[in-house]
Amino acid sequence: MTTPDPKPAPAGAPLDEIRDESASEASERLDHPLLGRVIFALAIITSLSHLYFNTLSTLSELWISALHFGMFGLLCALTTPLFRGGSARSKRLVLGVDIFLGLAALACACYLILFEDALYQRGVNFSTADWVVSVTAVVLVLEFARRTVGWFIPALCIFALTYVAWWGQYVDGIFNFPGLSWETVLYRAFIGGQGMLGSIARISWTYVFMFILFGAFLVKSGAGDFIIELARCAAGRFVGGPGFVAVFSSGLMGSVSGSSVANTVSTGVITIPLMRKAGFPARFAAGVEAAASTGGQLMPPVMGAGAFIMASYTQVSYLTIIGVAALPALLYFLSVAMFVRIEAKRSHATRLDDDTTPSLKEVLKDGWHYLLPLVILVAALIYGFTPTYAAGLAIVSVIAASWLSKKPMGFRDILEALEMGTRNIMSTAILLITVGLIVMVVSTTGIGNTFSLMITDWAGGSLLITILLVALASLILGMGLPVTAAYIVLATLSAPALYGLIAQSQLLDLLMSGNLPEQARAIFMLAAPDKFELLNAPMDKATAQQMLALVPEAFSSQLLEQALSAQALTMALVAAHMIIFWLSQDSNVTPPVCLTAFAAAAIAGTPQMRTGFTAWKLAKGLYIVPLLFAYSPLIGGDLTEMLMVFAFALFGIYAIVAGMEGFLEHRLGWLVRLVMFPVGALMLWPHQMLVLDLAGLVIFIGFFIWSSRKAPRLTPGVAP
C-alpha cells in the first residue's frame with residue numbers, strides 16, 4: 001500500500017489510538033470538527049449496514065455488492081483527498097469535488113438497484129444512462145484505488161480492459177483475443193456482477209468485513225494490550241526476551257488484525273523500544289518487527305483476507321484452510337525467533353526486568369475474558385456455523401466479555417469500534433472491488449489457462465522451477481500490488497499449473513512405489529498396453545516419468561482422479577494456493593518496495609532500505625516453508641506425518657539460520673558454517689527416509705552442544 005511512513009507513536013500508547021495507514025492519510029479531515037463527525041457517522045452506518053447484510057438481509061448479492069462499493073466509495077472520497085496541499089481555498093474546492101465523487105459512487109449503486117430490471121427488459125441493450133453510469137462506476141473505482149493503493153492497480157486495470165475491448169485483436173500468437181464490444185465489457189465490469197461487483201467484492205463484504213470488524217472490537221476492548229502483556233510474561237524473561245515478545249505479540253495480533261503494516265505500527269511502538277533497551281541493534285529490532293508482522297498475515301483466523309479468498313477459489317471450507325495453515329504459520333514465527341535468539345547471544349542482549357514483567361497468573365487473572373471471543377469463534381466454526389455468522393457471534397461476545405473486565409465497553413466504545421472497523425477495511429474493500437476487474441478479464445479471455453501452460457512449458461514440467469518462477473513473479477508484482485492483490489492475480493494465473501504439478505508429483509510417487517490403484521491401471525492399459533507389466537513392481541523416477549508421458553493429454557485429468565483420492569487432490573489444490581499466498585507476502589519485506597519494513601524503520605529511526613534488507617533476511621521462512629507444501633505432507637498428511645515434518649523442518653531451518661549468521665551458542669568458523677547448510681537441507685529435503693532426518697538431527701544437536709560448551713558462562717543481565 002503506497003502510504004507515507006507512519007510517525008512513531010510513543011511507547012505505551014493505547015493501541016486503539018494508533019490509526020492504520022488509511023486513517024493516517026486522512027488525519028486532517030478526520031480531525032475536522034464537522035467533517036470528522038460526518039465521516040464518523042457514515043462509518044458507523046456502513047458497519048451497521050454490513051452487519052445487517054451478513055445476518056438478516058434478503059437483498060441479492062449483486063445489490064449488496066453495489067451498496068458495498070457505494071458506501072466505501074463515499075468514505076474513500078471523503079477521507080482521502082483528490083490531491084494534498086495547496087491553499088485553504090483549493091482545499092475547499094477539492095473537498096467539494098470529493099463530496100461530488102463520493103455521492104456519484106453511491107448514486108451508481110442506487111441506479112443499478114433501481115434500473116437493473118429495466119436493462120434486462122430491453123434485452124441487455126444499453127441506454128444512454130446505462131453507458132454513463134457504467135463508465136462513471138469504473139472510472140470512480142479506479143480513482144479510489146489510485147488514492148488508496150497507488151497508480152499500479154488502476155494502470156493494470158486499464159491495460160486489462162483495453163486488451164479485451166481493443167488491442168487484444170492485434171496481438172499475435174497465443175495471446176490474441178478477438179475482442180468484445182465496449183458495451184459488453186462495461187456490462188461485465190459493473191452491472192453483470194462479474195467484475196467489480198463479482199465474487200471478489202462478495203468476499204470483501206462478507207468474510208473480510210466481518211473478521212476485520214471483529215478485530216476492531218477486540219482491539220477497542222483492550223485485547224491488544226492484553227496480547228502484548230501475555231507475550232511479555234511468556235517470553236520476556238528469556239535472554240533477548242523483548243525480541244521474542246515482538247515475534248509472539250505480532251503473531252497474536254496479526255491473527256486478528258489481518259494487516260502487516262497495521263500490525264507493525266500497533267505492536268512496534270512498544271516492542272522496538274523494548275528491544276533497543278535490551279541491547280538489540282536498532283536495525284535488527286526493526287527487522288524483527290517487520291518480519292514478525294508479515295507473519296501475522298499467515299496466522300489464522302484472518303490471514304489478511306487470504307483465507308477467505310482461498311476458500312472461495314478452491315471451494316474448500318474456511319475451517320479446513322485455517323486448520324492446515326496453523327502449523328506452517330507457527331513454523332514461520334519460530335524461524336524468526338531463531339534469528340532473535342542467535343542475535344541475543346551475539347549481542348549479549350538482556351532480558352526484561354523481572355520487577356516490571358507481570359506473571360502469567362496476573363495477566364490471565366486480569367485478561368482471561370479476552371480469550372472468550374476467540375474460543376467462541378473457533379467453537380462456532382467447528383460446530384458448523386458459517387464464518388460470517390461465527391464472526392457475528394464473536395463480535396457480540398467481545399462486548400459481553402468486556403463486562404467481565406474493569407473497563408466494560410460502553411455505548412461510545414461500541415460506536416468507536418464500529419467506526420474503527422470501517423476505517424480498517426476501507427482500503428482493502430476498494431482494492432478487492434478494483435481487482436475484480438482484473439479477475440473478470442482473466443476469466444473472460446481464458447488468459448489464466450494460457451499463462452499456466454506457459455509456466456509449465458518454461459519450467460519444463462519441473463515443480464521446483466515452477467515455484468521459483470512464481471516467486472519471481474510475486475516479487476515483481478509485489479513492487480506495485482498490495483499482498484492481497486498480488487495473491488489474487490498470481491492465483492488466477494498460476495494456481496492451475498502448480499496444482500497440476502503437485503498432483504503429478506504424488507502420482508509419480510505412486511508409480512515409483514508400485515502402489516497405483518487398479519482403476520488408474522486401466523488407463524495405462526489403454527494408453528500403453530506394452531508397458532503395463534511395469535506397473536506391477538516399483539520403478540525408478542525416470543521410468544515413472546516415461547510412463548506418464550505415454551498417457552495422452554486428454555486422459556491426464558482422469559488419471560489423476562482415478563489414482564489419487566479426493567482428499568489428496570483437494571490438499572494438492574490447497575497446497576498450490578498456499579504456496580502462492582506465502583510467496584506473495586515477500587513484497588512486505590523485500591526491497592526496493594517493502595512497506596512493512598519501512599513502517600518499522602520509521603519507528604526505530606533506521607535507514608529504510610537497510611532495514612528492508614534486514615527484514616528480508618529474517619523472513620527466510622517465507623521461501624523455505626512453501627517448498628514443504630509442495631514436497632512434504634505438511635499440508636494434507638495425517639497428524640503424525642505433519643508433526644514429523646514440522647519437527648525436522650524446525651531443526652533444519654535452525655541449522656540454516658546458524659550457517660547464515662555464523663553463530664549458534666558461540667561464534668562458528670567458516671568450515672562449520674558450511675557444514676550447517678547441508679545438515680539443514682538433510683532435514684528439509686523430501687527424501688522420505690527417516691534415517692537421514694535422524695542423522696541430520698544428531699549432527700545438528702552435536703554441533704549445538706559443542707557450541708554451548710565453547711560459549712562463555714555469563715549470567716544474563718537485566719535491562720536497566
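**Exercise 1: Helices H5 and H6**

Find which residues of H5 meet residues of H6, then describe how the two helices cross.

*Solution.* Start with the contacts in this predicted model. On the H5 side, look for Asp-98, Leu-101, Ala-104, Ala-105, Cys-108, Tyr-111 and Leu-119. Their partners in H6 are Ala-129, Asp-130, Val-133, Thr-136, Ala-137, Leu-140, Phe-144 and Arg-147. Sorted by class, this contact has eleven nonpolar, one polar and three charged residues.

Next, turn to the geometry. The axes of H5 and H6 (residues 128-149) come within 9 Å and cross at roughly 140°. That angle makes H5 oblique to H6. Finally, the handedness: the crossing of H5 and H6 is left-handed.

**Exercise 2: Helices H15 and H30**

Work out how H15 is oriented relative to H30, using the crossing angle of their axes.

*Solution.* First locate the helices: H15 covers residues 318-347 and H30 covers residues 639-661. Their axes come within 10 Å and cross at roughly 30°. Angles under 35 degrees count as roughly parallel, so H15 is roughly parallel to H30. The crossing of these two helices, H15 and H30, is right-handed.

Now check who touches whom. Among the H15 residues that meet H30 are Leu-327, Leu-334, Phe-339 and Arg-346. The H30 residues that meet H15 include Met-642, Phe-646, Tyr-654 and Glu-661. By class, the contact of H15 with H30 has 17 nonpolar, one polar and four charged residues.

**Exercise 3: Ala-325 and its surroundings**

Decide whether Ala-325 is buried or exposed, and name its contacts beyond four places in sequence.

*Solution.* Ala-325 sits in helix H15. Its relative accessible area is 3%. Buried means under 20%, so Ala-325 is buried. Setting aside neighbours within four places in sequence, Ala-325 is in contact with Leu-298, Pro-300, Met-303 and Met-578.

**Exercise 4: Thr-80 and Asn-449**

For each of these residues, find where it lies and whether it counts as buried or exposed.

*Solution.* Begin with Thr-80, in the loop between H4 (61-79) and H5 (88-121). With 0% relative accessibility, Thr-80 counts as buried. A polar atom of the Thr-80 side chain lies 2.5 Å from the backbone oxygen of Cys-76.

Then move to Asn-449, in helix H20 (residues 447-459). Asn-449 has 53% relative accessibility and therefore counts as exposed. From Asn-449 to Pro-591 the C-alpha distance is 31 Å, and they are 142 residues apart in sequence.

Conventions
Residues numbered from 1 in each chain as written. Predicted model: local features only at pLDDT ≥ 70, side-chain atom pairs only at ≥ 80, totals over all residues. Heavy atoms only, no water. Axes fitted to C-alpha atoms, helices over the stretch in contact; angles between N-to-C directions. Helix = DSSP H or I, 4+ residues; strand = E, 2+ residues; numbered from the N terminus. Parallel < 35°, antiparallel > 145°, perpendicular 65-115°, else oblique. Left-handed = near helix turned anticlockwise from the far one by under 90°. Contact = heavy atoms within 4.5 Å. Nonpolar A, V, L, I, M, F, W, Y, C, P; charged D, E, K, R; others polar. Buried < 20%, exposed > 50% of the residue type's maximum accessible area, 1.4 Å probe, protein only. Polar contact = N/O pair within 3.5 Å; in protein donor to acceptor, adjacent residues only side chain to side chain.
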